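Hi,

Here is the structure I said I would pass on.

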Amino acid sequence: MQSSIDSVAKLISNASHVTVLTGAGVSKESGIPTFRDAQTGFWEKHRPEDLATPEGFLADPKLVWTWYDYRRKLLDNVQPNPGHQAIVDLEKLVDKVTVVTQNVDGLHQRAGSTDVIELHGSIKKFYCFDHEHEALDVPFDLEEPPLCNVCGSMIRPAVVWFGEALPHKLLNRGITECEESQVILVVGTSSLVQPAASLPLSGYHRGAKIIEVNPDATPLSRIAEVVLQGPSGEVLPKVVASLKNLKSNSN
Ligand code: BV8
């Protein structure tokens with residue numbers, strides 16, 4: 001593994017722009033379950049794919065609202081992990097680092113990443129279902145969605161649900177950042193959810209080297225230049241340490 005880590009550090013040392021595409025796996029070591037993890041407790045009998053949809057919300061607003069309330073409350077008790085921190089550290093070692101995340105937990109920003117594209121929105125923000133009127137200071141522990149004080153429609157989390165289009169400006173920016181990167185780190189994602197999963201391809205077709213960091217194989221593994229098979233909280237700090245070593249030896 002160390003030789004693979006050193007080869008990744010070498011690739012990054014020659015890059016002026018690195019894009020890091022992350023999924024739920026990068027937050028796993030912070031204690032936030034991934035979408036592939038079986039749901040626990042009350043949520044055990046529900047599939048995220050059924051809850052994270054507009055149909056699911058309209059069918060049972062109380063259920064979907066309390067699921068998001070539970071996930072938002074989780075954030076108060078978790079911290080960014082060494083994987084998030086390593087991505088922040090990259091910013092001091094590479095001219096330009098862009099984080100494109102599928103996660104809605106805000107942990108990259110809390111860790112200190114300065115350029116984060118939240119492709120799927122944020123569970124800490126809210127807007128109304130009918131017109132996306134912003135809703136501020138939404139309290140915890142409500143039994144059901146509050147109503148918009150402008151149009152009266154239900155307030156919902158400002159996330160992209162399955163079957164909803166991603167904000168086109170964010171998606172287009174994510175594509176452009178990948179196209180302009182020499183190295184794309186794909187960290188903690190099953191690479192199954194579209195169109196996010198296809199973003200690395202727009203860089204790959206322009207010669208970017210794909211580096212995958214994941215304990216498991218994914219559909220992206222076959223085009224990766226290097227696969228670092230392990231948890232990102234352990235692997236990414238080693239990549240940064242190797243990169244720092246390279247840079248200090250070259251000075
Ligand atoms: C859309 C926000 C169209 C909500 C989420 C082809 C093209 C386009 C669309 C589709 C298509 N095929 C199917 C679709 C529909 C669908 C889709 O992709 N379905 C999948 C299931 C096949 N896509 C959509 O619906 C998208 N919308 O396409 O709209 C459209 C166009 C115009 C007009 C109208 C409509 C919207 C997708 C966004 C859905 N919202 N999140 C919320 O969070 O509640 S997606 C949600 O699930 C996450 O954000 C994330 O993106 C996804 C889960 O994926 P991962 O992040 O990868 O997490 P996962 O658990 O899967 O994997 C974790 C990985 O980490 C694993 O590999 C594991 O091994 C690894 N891991 C574990 N531990 C660690 C680790 N890695 C590192 N370290 C560790 N310690």
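Predicted model: local features only at pLDDT ≥ 70, side-chain atom pairs only at ≥ 80, totals over all residues.

A polar contact here is a pair of N or O atoms within 3.5 Å.

Let's start with the ligand site. On the nitrogen side, a polar backbone atom of valine 160 is 2.7 Å from a nitrogen atom of the ligand. In total, 34 residues surround the ligand, and the closest are Arg36, Tyr68, Arg71, Gly163 and Ser190.

Next, the helix packing. Helix 9 (residues 232-250) turns up in two pairs that I looked at, with helix 5 and with helix 1.

Take helix 5 (residues 82-90) to begin with: its axis comes within 7 Å of the axis of helix 9, and the two cross at roughly 25 degrees. Angles under 35 degrees count as roughly parallel, so helix 5 and helix 9 are roughly parallel to each other. The crossing is left-handed. From helix 5, the residues involved are Pro82, Gly83, Ala86, Ile87, Asp89 and Leu90, and they meet Ser232, Gly233, Leu236, Pro237, Val240 and Leu243 in helix 9. By class, that contact has eight nonpolar, three polar and one charged residues.

Helix 1 (residues 2-13) is the other partner, with axes that come within 8 Å and cross at roughly 60 degrees. Helix 1 and helix 9 are therefore oblique to each other, and helix 1 passes helix 9 in a right-handed crossing. Helix 1 brings Gln2, Ile5, Asp6, Val8, Ala9, Lys10, Ile12 and Ser13 to the contact, while helix 9 brings Lys238, Val239, Ser242, Leu243, Leu246 and Lys247. Those residues divide into seven nonpolar, three polar and four charged. Leu243 is listed in the contact with helix 5 and in the contact with helix 1.

Last, a couple of backbone details. Most residues other than glycine have a negative phi, and most peptide bonds are trans. Which two residues does a cis peptide bond join? They are glutamine 194 and proline 195, with omega about -5 degrees. Proline 195 is in the loop between strand 7 (183-187) and helix 8 (199-204). Glutamate 132 has a positive phi, near 60 degrees, and belongs to the loop between strand 4 (121-128) and strand 5 (134-135).

Cheers

Conventions. Residues numbered from 1 in each chain as written. Heavy atoms only, no water. Axes fitted to C-alpha atoms, helices over the stretch in contact; angles between N-to-C directions. Helix = DSSP H or I, 4+ residues; strand = E, 2+ residues; numbered from the N terminus. Parallel < 35°, antiparallel > 145°, perpendicular 65-115°, else oblique. Left-handed = near helix turned anticlockwise from the far one by under 90°. Contact = heavy atoms within 4.5 Å. Nonpolar A, V, L, I, M, F, W, Y, C, P; charged D, E, K, R; others polar. Near = heavy atom within 4 Å. Polar contact = N/O pair within 3.5 Å; in protein donor to acceptor, adjacent residues only side chain to side chain.
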